[in-house]
Amino acid sequence: MRLSIERKPVRVNPDPKRVIARFFFNGNDRAKEVIERVMELTEDEAFGIISPLLQEYSKRHRNITRVLNRHCSKLKNLFEELNIDYDSLTVYLKLLIGSYFTHEYSIESAAFFNPSIIEDPDQTELEDGERRVIISFRAVGEGHISSITFRRALIDRYNNITVIPAGSYIDEAEIVRNAVYNKKLFFDKAVITQINLDVLNEIEGKLDHHFEYANLRRILIDSQRLQEDDMKKLEYDKILWLADSYYEIVFSMDTDISDRVIFPISEYERKGIEDARFVKFTNDDGSSVYYATYTAYDGALIMPKLLQTNDFYNFRIMPLYGDGAQNKNLALFPRKINGKYVMISRIDGCNNYIMYSDKINIWEKPVQLQKPKFSWEFVQIGNCGSPIETEYGWLMITHGVGPMRKYVLSVSLLKLDDPAVEIGRLKEPLLVPNSEEREGYVPNVIYSCGSIIHNDKLIIPYGLSDYSTSFAEVPVGALIERLLSDGV
């Protein structure tokens, strides 16, 4: 018999009204034609077009003039080619031109699912038994492009969950490219991404052991100009795309957390950033930092990446390296064990692996931890977020895929000081999709990217058939007891 689990009467649904104003570009030739048409307008005509646009869209975006000006500035090279002095353009002309290169994108029009839950850095002004949390979601919009979004929620002393309504605006972050790259690590990753080896060797020979983004970009552009083969020219672009995978993003301090969206930025994630697994990581000195592993997807290749933040305003993002960072489903333990970082992965798409590292971004020598054992997980087993520490061992929420590609959730227990040792695994799933949860974008799927323990209950947020999100809870004591009795 399965453990009794309580489903919460809370449902978080996608909201198509949540839009961002994104840069829209259809190629140099068409862009030049649009610019030339706008330049033929008089100042009064330009004002007559942009004024009502500003009134309309200022109700939908926090600072639409800043967005339009930023998008206009992205075209400076085209203004030069057209012999137009960008600095001499009037305010209204810049705004109008920017508007023709802007479109609204509904970030969660298709789905809002695969949540991860962590403790909010701000736990002030709460009553006993209450806890403020941050929930991350995979939001999916037009073209099935995924991004990371957030909501704040409050769990009360009775474990009732109140998800705070989202704000009225959404902001993309400012992108900062100030990384210093390690040449060996960078080009090891470049080989995996199948960039032309001749081009890689050429560029590698022109760089120091450590180099900056601006220097790499200059070398790539200079080398590309000397290349006549169009296919080879693309290979230089691919190296720059990989460099773009390292960046920092900064959100305005006047944004609510629900206003912040981490949208695909580099070419290697242009088709989406998927299933962020957030964890509050405790350092050896007792301080904390938040990490998240996620999967970047470009339509053909996937790239595991690591996100780091202290405050959810400033985020540092980098790829993960090594034989253990070759697939989806990476989840970091919330502290070092025996002096090492520890990660769960699923490098072969089927089994759970465990690996240890001195460096948080380099993962080698994965060792198989679990393989499918029960009929409801014969297709694959994987983690559903970072393991949770208890006095009895590490609770690891897993997902299993069985007949008809039905996803269910289960739990395993790993040894506290040696998590490569499995102590217990539920013989029956903990949570299976019921009749109200099985219909959606992808039927018969429930999935989670991170859970939390509060008031002696394990709270699991989970996605419903790749469409929306709900919550379930189970007493930790009863769960541990069942795990120990089921064994391995």
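**Cavities, a pocket and a buried helix**

User: Which residues line the largest cavity?

Analyst: Ile20, Ala21, His61, Arg62, Asn63, Arg66, Val67, Arg70, Ile170, Asp171 and Glu172 do. This is a predicted model, where local features need pLDDT of at least 70, side-chain atom pairs count only at 80 or more, and totals for chains, interfaces and linings use all residues. Residues are numbered from 1 along each chain as its sequence is written, and side-chain values use heavy atoms, without hydrogens and water.

User: What makes a space a cavity rather than a pocket?

Analyst: The way out. On a 1 Å grid over the protein atoms alone, a cavity is a set of points where a 1.4 Å probe fits but cannot get out. A pocket is an open set with protein on both sides within 12 Å along at least five of seven lines. Lining residues have an atom within 4 Å of a point. The structure holds 2 cavities of 30 Å³ or more.

User: How is the volume of the largest cavity defined, and what is it?

Analyst: Grid points are joined across faces, edges and corners, and the volume is the space filled by probe spheres set on them. That gives about 110 Å³. β2 (19-23) and α3 (64-73) each give two or more residues to this lining. α3 gives the most, with 3.

User: How do you class the lining of the largest cavity?

Analyst: Ala, Val, Leu, Ile, Met, Phe, Trp, Tyr, Cys and Pro count as nonpolar; Asp, Glu, Lys and Arg as charged; the others, Gly among them, as polar. The lining then divides into 4 nonpolar, 2 polar and 5 charged residues.

User: What about the second largest cavity?

Analyst: Its volume is about 30 Å³. Its lining includes Asn114, Phe137 and Asp275. β13 gives the most, with 4 residues.

User: Why is α5 called a helix, and why is it called largely enclosed?

Analyst: Helices are DSSP runs of H or I with at least four residues, strands are E runs of at least two, and both are numbered from the N terminus. α5 spans residues 91-100. Buried means under 20% relative accessible area, exposed over 50%, partly exposed in between (1.4 Å probe, protein chains only). Of its 10 residues, 7 are buried, so α5 is largely enclosed by the rest of the structure. Among them are Leu93, Lys94 and Ile97. The cover, judged by contact (heavy atoms within 4.5 Å), includes α1 (28-39), α2 (43-57) and β3 (102-106).

User: How big is the largest pocket, and which helix gives the most to its lining?

Analyst: About 2,000 Å³. Of 47 lining residues, Phe23, Lys74, Ile175, Arg177 and Ile265 are closest to its centre. Helix α8 (residues 213-225) gives the most, with 6.
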